[in-house]
Amino acid sequence: MDLLTILSTDAFFHPTTLIMNQQERPASVPTNYGGLGTLVSVFFFWGFIAASNSVFIPYCKHKFELDQFQSQLIDFAFYGAYYIGALVLYLFSVNRGKDIMAAWGFKMGIVYGLLFAVLGAVAMIVSINAGGGFTSILTSLFIVALGFSLQQTGAQPFAIALGDPATGTHRVNLGGGVNSFGTMIGPLVVAFALFGTATQVSDEQISSLSLDKVTYLYVAVGVLFLVAALLFISSKSLPSGKSDADIEKSGKATNTLIVLTLLLAAAFVPVFNSYRSEPTTNTEKEALEIYRLSWLVGALVIVFLGLLFANMRAKSDSAGWGAMKYPQLVLGMLAIFTYVGVEVSIVSNLGELLKQEQFGAMQASQIAPLISMYWGSMMIGRWAGAIPVFEPKPTLKNILIFVVPSVAFGVVLAVNTLAGKDMSALYWYGICVAILIAAFYYTEEKPAKTLVTFCVLGLVAMLIGLFGKGQLAVYALLSGGLFCSILWPCIFALSIAGLGKYTSQGSAFLIMMILGGAIIPPIQGKLADVIGIQNSYWVAVMCFAYLIFFGISVKGILRKQGIDFDMKIGGGH
């Protein structure tokens, strides 16, 4: 968010475009390895930057003396940019009646996204060196993420176009695997940029640390994105990916999205304004925190009730509602919103949890290995989920389902060990990986069964984290990464089933729901300010509970439409 993964390219799948590209290209086309190499390197940095926010959040909290809600605004800016970028592209396309990304061509769409990311990197460099505060850092991250949203919108169909369509899924999966590797490496590199080789930097000392190495990091990132853009522009052998694709004009659905966006902005404004002055007494402070939390919960209610109300209206009169007349799509939008939110929120608030005595009393400079293991857990699950893409024989597949996650777990441990981190406390985390492997065998790649099973495991893990303490609770919370790893393709496949001509529009709506990564982490952050960081993980429990509801209910909804969705899936987000 796929990343999200968040943020892998599965998050930006446009089925109609993919089918079109496969039909138009010859049956056998040699792979453009130069273009693929450049594209895959970009995949790496999407994951690298997104996962690095998990280390940057506790750093900024102490650097700029923020509360937990304010620190989560890093996610608000980053994932909010994905939503804004997708929404603006959609609105421009609706206004023109044509898919604007298809009109640009996926090649140039990626180039524009790379140049936007370069602009964001420059903004970050200027901000740091000009002594800019937290707001300017948020603005820079927002610009970087806008660039990412453009890049990722065109990345999957472009990867398909770089060779034989029959092997296109393998190229996409390669990009997703590299993206996941970036999520595991990013926290380690950024921790080094923030804290150097020191492992005993106290939280109190963070305010005096220099951000010079972060400048160097963004110089490197900016240069790499610029070089990638120039390579794409100058290459004559890369396909343009242009097409004349129409887009469904569903006025009521479009107006609903605009109204929801305005209402969400209205819900956050009072919270931001409340930080202009601080209360003088504890009573006033408690009242103010409840006031802030009320507005944030209101934002969550706006999303859920707004979309459900839209579907209810569409049932009585479907004209103008487009894909939103399908209950599986609307419930799926809420599922994507919830999934991305919980995936990001678990790890974004983890640094504050690890500060507590019962969880190890760790300083912000010490948490990078655990953050890396969380995102590494996403990689473990995604690598395992990708096995069916290569269509191995049943015996080999069963062997690989055991071997691949085990090897991936070893990779996470090895990379951290090579980075000088002591990973001995995480060796027994292999038990959690074993539970993941057992779940893969049990679910048989069936979307609804996989979704419900993994979400039940995720819910149990969050409850252990809520009521437990010490290493067991930490393992449980880290395993949230394992159980989130395979959810995106399950939710996506179930949500767009049976949409027919509205499949592409439904896909676009689902992509917009990456918004959950911007809304849910700040809500958990403010809840932590009110009731404590450990208790705030009730947010994660409720997210998994909704996903279980979606997995159970959507199967019945599809059955009523004559769709039996026990087909198998491959790949992972």
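Asp317 has a relative accessible area of 39% and therefore counts as partly exposed, in what is a predicted model. Its side chain meets that of Lys252 in a salt bridge, with 3.5 Å from N to O. Because Lys252 lies in helix 10 (residues 251-273) and Asp317 in the loop between helix 11 (282-316) and helix 12 (327-348), the pair ties together parts that are 65 residues apart in sequence. Lys252 is likewise partly exposed, at a relative accessible area of 35%.

This pair belongs to a total of 11 salt bridges found in the whole structure, and some of the others are joined to one another: Asp67, Glu278, Glu289, Arg292, Lys526 and Asp529 are linked in a network. Within it, Lys526 and Glu289 meet through their side chains at 2.7 Å, N to O. Since Lys526 lies in helix 21 (residues 516-531) and Glu289 in helix 11, this contact ties together parts that are 237 residues apart in sequence, and both Lys526 and Glu289 are buried. Arg292 forms a salt bridge with Glu278, their closest N and O atoms being 3.8 Å apart, and Arg292 counts as buried because its relative accessibility is 2%.

Burial also marks helix 19 (residues 487-496), where 9 of the 10 residues are buried, so that the helix is largely enclosed by the rest of the structure; among these buried residues are Trp488, Ile491 and Phe492. Just after helix 19, Gly498 takes a positive phi of about 80 degrees.

Val407, which lies in helix 15, counts as partly exposed because its relative accessibility is 46%.

Definitions and conventions:
Residues are numbered from 1 along each chain as its sequence is written. This is a predicted model: local features need pLDDT of at least 70, side-chain atom pairs count only at pLDDT 80 or more; totals for chains, interfaces and linings use all residues. Side-chain values use heavy atoms; hydrogens and water are left out. Helices (H or I, at least four residues) and strands (E, at least two) are DSSP runs, numbered from the N terminus. Buried means under 20% relative accessible area, exposed over 50%, partly exposed in between (1.4 Å probe, protein chains only). A salt bridge is a side-chain nitrogen of Lys or Arg within 4 Å of a carboxyl oxygen of Asp or Glu.
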